[in-house]
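Please keep the sequence and the three-dimensional view open while reading.

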Amino acid sequence: MSKEKFYITTPLYYVNSSPHIGHSYTNIAADCLARYMRQRLGKENVWYLTGTDEHGQKIQKAADASGLSAQDFTDKIVVQFKELWAKLNVPYDDFIRTTEKRHVDFVRRAIQILYDKGDIVEGKYEGWYCTPCETFWLDSQVADKTCPDCKRALERISETNYFFKLSKYQDWLVKYIESDKNFIRPVSRYNEVLSFLKNNKLADLCISRPKARLSWGIELPFSGDHVIYVWFDALLNYISAVGEFDAKNKYVSKWWPASLHLMAKDILRQHAVYWPIMLKSLDIPMPKAIFAHGWWMVGESKMSKSLGNVISPVEMSDKYGIDVYRYFLLRDMPFGLDGTFSEDSLIKRFNSDLANDLGNLVYRTLTMAEKYFNAEVPDAAQEPGQQEKVIREKLAKLPGEISLELRAEADFNFSACLERIWELIAMANKYVEEIKPWNLAKENKTDDLKAFIRLLVDVIRGVALSLAPFMPNTAESILEQIGAEKINKGKPLFPRIDTKPAGK
Ligand code: MSP
C-alpha cells in the first residue's frame, strides 16, 4: 500500500512589490498545516511549494518605474519573499520562480500539447483589458469603462490572439464539482463557483499577449509574435515544480495530485475554473482540494499594495515576536472569513491568551517544581482524584480534537484548534488556583504535591506538542524548559505589554 502523502501549495506572489501581512497569512497557514502533517506522516511525505509569479504587464510596469530591467527587478524583489519566509519560520521544500528555465520549458511543452489536441485556437480579440488585474472583460461585463473588480480605468484592445477552449469543458466541470463537495472549500465558495458556472456561459480564455504590447513573458511555442498570458503560465507551476511529461505526453510526478491549493478568495476563479479545465485537457488528475480563505482588511478595505494600506509583517514580527504574530493571525480570524488587522487586538490577545494564560501556566508550574522538588519532575505517587482525571481526559483527547479541526471538511479551523488547546490551559490554571499548592506544601502533603506537579508538567508537554505547528519556537522552548530529567526554567515566555499611557 502506498503511504499517504501531503503536497500543499501557496499562490505564487507577484513580485511587483514587497510582501505584506496578507501574503504572510497564506504562507503561515500553509506552514502550520505542513508542520502538522509532518508530525503525522513524517517529513519525507510532505511537500510544501511556494514561489513567485514574475511575468506579465504588472511586473513589467513596476520594473520600468524602478528603472531596472524586468529580470533585475524580479531578482531583487524575490529576495524579500525568501527572506520573509526564513524570518517567519516558514520553511519550504521548493521555491519556484516562473522565470526559471525548468518552469519555462515545462509551460511551453504543456501549451504545445494543448495546441496539438485542438484545445487552443487562433482568434480575434476585441474588448476591454484591466492591466492591474491582468484580466479581460467583455462589453457586456463593463458599464463605465472601469474594471468591474478594482474599479480602475480599462484599456480598449483589438488584436489577434490564441484562445483556450474553456467552454468545451464547462459541463464536465460542473459535474466534477458536484461529485466532490470537498473539492472547493469553504462551502460558501463552493456554492459561489457552482452558481457562477451554472448561470454563466464560459467564454474561451485568451491565453496570449502580442509581443508588440508586452514582451515580458514566455514565448508561445507556435507563435513568435506572442507571449503567454501570465495566469496561464503561473498556474502550471503547481505541476511544473513536481513532475514532467514523458515521451507520450503523460505527466509523471512523485507528488501530484496536490492535497491542497491554498489562497485567498481573490484568485479562486482562476484556481477553481481555469485550472481544473487546464488539467482535464492535459489529462492530468485533479488536485484534492482548493481552499480560499478570507482577507485581512484595514478598516473597510482589503489590505493591498494598490490601495496603499499595507502593514509590514517584518515590522510586526520584530515588534511582538514571530510566534506572537503567527498566533494572532491564526487565532483571531476564522479561516475562510475576513478579519480586521489591528495592533490593539494583537496586544489584547497577547496579554490575555499568551501572557496571562499560557505564559503564566508554564512559569508558575516550573517555579513550583524548582521550589518544592529541586527542579526534578516527580512521579505521581497516588491514584488521581476526580479533578485530575478530568484534566487527564482532556489532555488525552486534545490531539484527536485538533485532527478533526484540521481537515478540509472542517475548513482547516486553526482558530478552533487553538481554542481547544486553550481550554486545557484554562483547566490547568483553574486547577492551580483551586488546589492551592502552597497549602499542600505547608501541610507536608508531599504525595498530593507530587501528583499535582506531575499533572501540570504533563499538561504543559501536551500543550507544547499540540502547539508546535502554530508556534514552533514557543513549543521548542517549553519542551526544553521541561527537560527530560530536570526542569530548566527560563525567563517568562510572554511578559505582559503595558498598555497604560506613560506616567499613569
Ligand atoms: N500571482 C497571482 C497568483 C498566482 S497563483 C498561480 C497573485 N499574486 S498576489 O501577489 O496578488 O497574491 C494574492 C494572494 O496573496 C491571495 O490569494 C492571498 O493568498 C494573499 N493575499 C494578498 N492580500 C491579502 C489580504 N489582504 N488578506 C489575505 N490574503 C491576502 O494573485
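The text below takes up the ligand and its surroundings, then a group of paired strands, and then some backbone details.

The model is a predicted one, and every value quoted here is computed from it.

**The ligand and its shell**

The ligand is surrounded by 25 residues, and the closest are Leu 12, Thr 26, Asp 53, Trp 296 and Met 303. Sorted by class, this shell holds 14 nonpolar, eight polar and three charged residues.

| Residue (backbone N or O atom) | Ligand atom | Distance |
|---|---|---|
| Leu 12 | nitrogen | 2.8 Å |
| Tyr 14 | oxygen | 3.0 Å |
| Trp 296 | nitrogen | 2.8 Å |

The ligand exposes 680 Å² when it is taken alone, and the protein buries 95% of that area. Two or more residues of the shell are given by each of strand S1 (6–14), helix H1 (21–41), helix H7 (230–235), helix H8 (237–240) and strand S14. Among the elements, S1 makes the greatest contribution to the shell around the ligand, giving four residues.

**Strand S15 and its partners**

Strand S14, which gives residues to the ligand shell, also pairs with strand S15, in the parallel sense and over four bridges. Within this pairing, Met 263 has Ala 292 of S15 as its bridge partner. S15 pairs in the parallel sense with strand S7 as well, here over two bridges, and Ile 290 of S15 is the bridge partner of Ile 184.

Which way do the side chains of S15 point, and are they buried or exposed? In this strand, which covers residues 290–293, Ile 290 and Ala 292 point one way while Phe 291 and His 293 point the other way, and all of them are buried. In a regular strand, side chains alternate between the two faces of the sheet.

**Cis peptide bonds**

The peptide bond that leads from Arg 185 to Pro 186 is cis, and its omega is near -10 degrees. Pro 186 sits in the loop between strand S7 (184–185) and helix H6 (187–199), and S7 is the strand that pairs with S15 over two bridges. A cis peptide bond also joins Trp 256 and Pro 257, with omega at about 5 degrees. The loop that holds Pro 257 runs between strand S13 (251–253) and strand S14 (260–264), and S14 is the strand that pairs with S15 over four bridges.

**Positive phi angles outside glycine**

Lys 145, although a residue other than glycine, has a positive phi near 65 degrees. Lys 145 lies in the loop between strand S5 (135–137) and strand S6 (155–164), where this residue is exposed, with a relative accessible area of 54%. Asn 444 is likewise not a glycine and has a positive phi of about 60 degrees. The loop in question lies between helix H15 (437–442) and helix H16 (446–467), and Asn 444 is exposed there, with a relative accessible area of 64%.

Methods: Residues are numbered from 1 along each chain as its sequence is written. This is a predicted model: local features need pLDDT of at least 70, side-chain atom pairs count only at pLDDT 80 or more; totals for chains, interfaces and linings use all residues. Side-chain values use heavy atoms; hydrogens and water are left out. Buried means under 20% relative accessible area, exposed over 50%, partly exposed in between (1.4 Å probe, protein chains only). A residue is near a molecule or strand if one of its heavy atoms lies within 4 Å of it. A polar contact is a pair of N or O atoms within 3.5 Å; within protein, one must be able to donate a hydrogen and the other to accept it, and residues adjacent in sequence count only if both atoms are side-chain atoms. Accessible areas come from the Shrake-Rupley method with a 1.4 Å probe; for residues, only the protein chains shown count as cover. Ala, Val, Leu, Ile, Met, Phe, Trp, Tyr, Cys and Pro count as nonpolar, Asp, Glu, Lys and Arg as charged, and the others, Gly among them, as polar. Two strands pair if DSSP finds at least two bridges between them.
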